[in-house]
Amino acid sequence: MAVKSILTSQTDFTGEFPYIEGMSGLWRFNESEPDADDKLIDSSRNDRKMTIINWSGTTASLKSSQKGRQFRMNINNPTTEKTHLQVTNDGSIFAELGERIVVGGWMNPTTYSVGNTFCPIFNTRYGPGQLILYLSLYSGKPRIMLYNSSGSLILDKTVTPSFSLVNGGWYFIAGVIEPDNKQFTYVVGDRDSGEVFISDVLTFTGELNRSCTADIVMGMHADTYYYAGGFDDWFLDCASDMTAADLAEYFLSSLCANAGDMSENVDGHTEPGAVMLRATDGVYPESGQLTTIPTSCALSGSGRVSVTSEYTAGVNAISLVETATSQDLVEWSAWQSIGTNGELQSPNQKYIRFRITLTTTDTSKTPKVTDIQLHDIPKAPYDKLGFARSVVLDENGAWESVLENAFDIIVTSEVNGADTLEFKLPFQDTKRLSIDNEKQVQIVNDVYRIRTMTDDKTAEVICYERGIRNRP
């Protein structure tokens with residue numbers, strides 16, 4: 001029995017963008033307020049904090065959101081509030097560009113942002129040196145602008161997603177820049193509908209600026225244009241392995257997880273790596289349901305689920321564990337409870353997600369989930385079929401003779417997927433005459449072609465046959 005998948009990190013439960021070793025910046029906006037210098041935490045471990053410009057005396061706030069908290073700004077009047085975010089570049093942010101640069105996150109725009117002609121989102125058009133990139137909205141549609149080392153545009157394109165961005169919607173928006181291949185791809189997801197859009201690959205000529213020392217600015221350009229709405233969970237990785245398809249898969253996966261949503265009864269933030277019931281003023285609800293991100297399934301045999309938890313017997317518990325599976329992260333099987341010993345009851349498909357019910361009878365105490373594992377129990381290397389009967393087929397696939405005297409019938413599943421059938425017949429059985437190389441033999445629902453025949457007149461006086469299952 002091998003561990004196929006394990007869920008144990010905060011992002012497995014909340015659906016936030018996963019931390020990647022070496023990434024350039026990760027701003028989750030999960031704090032309830034900025035620090036004394038009006039700065040917000042960088043969770044990439046690079047200490048590239050975001051400074052809130054015009055925090056005091058404006059509508060800027062850190063509000064409850066679907067992945068913890070969001071940073072909201074310029075809700076009343078962007079042109080007078082002029083709130084935006086800035087990361088000071090010490091020259092290291094874009095110093096080493098890899099095969100791909102990925103940048104993006106979640107946004108919750110207002111009518112002001114999607115209705116105006118120009119709306120800045122994430123750019124490097126501020127501070128010393130020449131810029132490198134500028135993500136914005138042009139009349140509500142995603143626009144990308146890329147620059148060379150002299151500050152000249154080498155790409156300026158607007159894409160049209162398969163859905164419209166509207167006031168109050170939650171959208172995942174991200175771009176993949178490939179400096180060597182000279183191309184860019186947008187990925188945009190609509191949280192409400194679950195629809196994800198991957199743009200055509202946009203190509204450019206010229207060289208991307210590989211020596212950008214400009215600052216990162218979110219929500220402002222040229223002290224004239226501003227963004228109004230919310231930002232949540234933004235990231236930058238200047239040497240990423242992620243593709244546009246990976247970002248689209250992240251978006252679809254993130255829709256499943258709910259422990260970051262502050263409107264839910266489960267909490268995946270208070271204790272990183274654990275999920276508990278969400279307390280309000282120290283009081284826990286009596287129950288809550290955790291839904292995880294999907295993870296790999298595609299078992300070679302049967303599956304078994306195990307959940308590691310902390311609870312007080314007779315007071316609180318993990319009362320129910322359910323699973324659902326999918327081939328594409330869009331269509332899911334119905335939720336099914338696991339067996340009494342953790343046996344997986346859902347159909348074996350490419351992906352699996354978990355739904356776990358936490359309960360308590362004492363609202364001052366909560367159970368915790370810390371680990372979910374899916375175990376793969378491979379098929380036995382062979383099955384000995386005691387009562388199945390081998391049937392010889394004619395050239396048209398019809399039954400020719402039933403080998404009712406066959407015995408020691410064994411089906412073997414090899415690692416490379418070539419299943420074989422072996423069986424024995426008494427040497428004197430007249431139906432031996434119906435068996436020959438290349439004839440087909442059916443056992444239960446599978447059909448095999450005979451490749452080896454061995455006569456043995458000693459001992460039990462038997463005929464030994466070996467066949468390989470036909471593949472579609």
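**Entry 1: the open sheet**

I began with the strands, and I found 8 of them forming an open sheet in the order β3-β4-β7-β17-β9-β10-β11-β12, with antiparallel pairing. At the edges sit β3 (39-40) and β12 (153-158), each of which pairs on one side only. A note for myself on terms: strands (E, at least two residues) and helices (H or I, at least four) are DSSP runs, numbered from the N terminus. Two strands count as paired if DSSP finds at least two bridges between them. In general, strands of a sheet pair through backbone hydrogen bonds, either parallel or antiparallel.

Before going on, I noted that this is a predicted model, where local features need pLDDT of at least 70 and side-chain atom pairs count only at pLDDT 80 or more, while totals for chains, interfaces and linings use all residues. Residues are numbered from 1 along each chain as its sequence is written, and side-chain values use heavy atoms, with hydrogens and water left out.

**Entry 2: strand β7 and its partners**

Next I followed β7 (residues 84-87). On one side, β4 (residues 50-53) pairs with β7 in the antiparallel sense over 3 bridges, and Ile-52 has Leu-85 as its bridge partner in β7. Strand β17 (residues 216-218) is also joined to β7 by 3 bridges and runs antiparallel to it; here Val-87 stands opposite Ile-216.

Are the faces of β7 covered or open? Both are covered: His-84 and Gln-86 on one side, and Leu-85 and Val-87 on the other, are all buried. Buried means under 20% relative accessible area, exposed means over 50%, and partly exposed lies in between (1.4 Å probe, protein chains only).

I also looked at β9 (residues 118-123) and β10 (residues 133-138), which run antiparallel and are joined by 5 bridges. Pro-120 stands opposite Ser-136 in β10.

**Entry 3: the nonpolar cores**

I then turned to the cores. A nonpolar core is a set of buried Ala, Val, Leu, Ile, Met, Phe, Trp, Tyr and Cys residues joined through side-chain atoms within 4.5 Å. In soluble globular proteins, nonpolar side chains tend to be buried together.

Which residues touch the most other members of the largest core? Of its 52 residues, they are Phe-29, Phe-71, Phe-94, Phe-122, Leu-146 and Phe-231. Strand β20 (residues 229-240) gives the most to this core, with 4 residues. A second, separate core has 23 residues, including Val-176, Val-187, Phe-235 and Tyr-351.

Not counting residues up to four places away in sequence, Phe-122 touches Trp-27, Val-103, Leu-133, Tyr-134, Leu-135, Ile-216, Val-217, Met-218 and Trp-234; contact means heavy atoms within 4.5 Å.

I found Val-176 in strand β13. Val-176 is buried, with a relative accessible area of 1%. Leaving aside neighbours within four places in sequence, its contacts include Arg-100, Phe-184, Ala-244 and Leu-247. Tyr-186 is 10 residues from Val-176 in sequence and 6.6 Å from it in space, C-alpha to C-alpha.

Helix α4 (residues 244-254) is mostly covered, with 8 of its 11 residues buried.

**Entry 4: the pockets**

A pocket is an open set of points on a 1 Å grid over the protein atoms alone, where a 1.4 Å probe fits, with protein on both sides within 12 Å along at least five of seven lines; lining residues have an atom within 4 Å of a point.

The largest pocket has a volume of about 300 Å³. Of the 16 residues that line it, the closest to its centre are Pro-18, Glu-249, Tyr-250, Ser-253 and Ile-293. Helix α4 turned up again, giving the largest share of this lining, 5 residues.

The second largest pocket has a volume of about 260 Å³. Among its 14 lining residues, Gln-10, Leu-26, Arg-28, Asn-30 and Ser-43 are the closest to the centre.

**Entry 5: a loop residue**

Last, I checked Ser-346, in the loop between β27 (336-337) and β28 (351-360). Ser-346 is buried, with a relative accessible area of 6%. Leaving aside neighbours within four places in sequence, Ser-346 is in contact with Thr-323, Ala-324, Thr-325, Ser-333 and Gln-336.

Technical notes. Grid points are joined across faces, edges and corners, and a volume is the space filled by probe spheres set on the points.
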